[in-house]
Amino acid sequence: MGMEHPMFGWCRLDRRGYPRISAPGPYKHKYLHVAVWERTAGREVPEGWQVHHQNWNKLCVCDGSLIAMPRELNPSPAGRGRAGRWKSVKRDLELIRCLT
């Protein structure tokens with residue numbers, strides 16, 4: 001199963017449901033949400049950080065829905081964080097927004 005993004009071309013969904021770019025080019029094999037964040041921010045995601053979908057929708061790559069954060073603060077299962085830590089994560093989001 002796949003989808004086409006107007007900027008990055010053809011993407012295939014991985015087994016967890018995240019779109020991964022399969023079209024030739026510098027972003028080939030990157031996750032779509034990571035490529036969109038990097039293109040918007042003008043730099044690569046810092047080492048040890050992940051791009052989180054603030055609206056929890058894996059297919060939504062709108063600028064306002066993506067935020068880069070340290071892996072340990074990511075509340076999603078991909079970040080290995082858990083919902084119980086969400087209050088402290090929400091408190092830290094303002095600091096993270098300043099860093100990104």
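1. Ground rules. This is a predicted model: local features need pLDDT of at least 70, side-chain atom pairs count only at pLDDT 80 or more, and totals for chains, interfaces and linings use all residues. Residues are numbered from 1 along each chain as its sequence is written, and side-chain values use heavy atoms, with hydrogens and water left out.

2. Overall layout. You'll find 2 helices and 5 strands in the protein; helices (H or I, at least four residues) and strands (E, at least two) are DSSP runs, numbered from the N terminus. Walk along the sequence and the order is β-β-β-α-β-β-α.

3. The protein has 100 residues, and 38% of them count as buried. Buried means under 20% relative accessible area, exposed over 50%, and partly exposed in between (1.4 Å probe, protein chains only).

4. Contacts across the sequence. Take the contacts (heavy atoms within 4.5 Å). Among those in the protein with a separation of 6 or more, 31% join residues 24 or more positions apart.

5. Strand 4. Have a look at residues 49-53: 4 of the 5 residues of strand 4 are buried, so this strand is largely enclosed by the rest of the structure. Its partner is strand 5 (residues 66-70), and the two pair in the antiparallel sense over 5 bridges. For strands to pair, DSSP has to find at least two bridges between them. In this pairing, His-53 stands opposite Leu-66 of strand 5.

6. Met-7. This residue sits in the loop between strand 1 (2-5) and strand 2 (9-13). Met-7 counts as partly exposed because its relative accessibility is 48%. From Met-7 to Val-36 is 29 residues in sequence and 9.0 Å in space, C-alpha to C-alpha.

7. Salt bridges. How many salt bridges does a search of the whole structure find? It turns up 2, where a salt bridge is a side-chain nitrogen of Lys or Arg within 4 Å of a carboxyl oxygen of Asp or Glu. One joins Glu-38 to Lys-30, with the closest N and O atoms 2.5 Å apart. Glu-38 is buried, at 8% relative accessible area, while Lys-30 is partly exposed at 26%. Another links Arg-16 with Asp-14, the closest N and O atoms being 3.8 Å apart. Arg-16 has 39% relative accessibility, so it counts as partly exposed.
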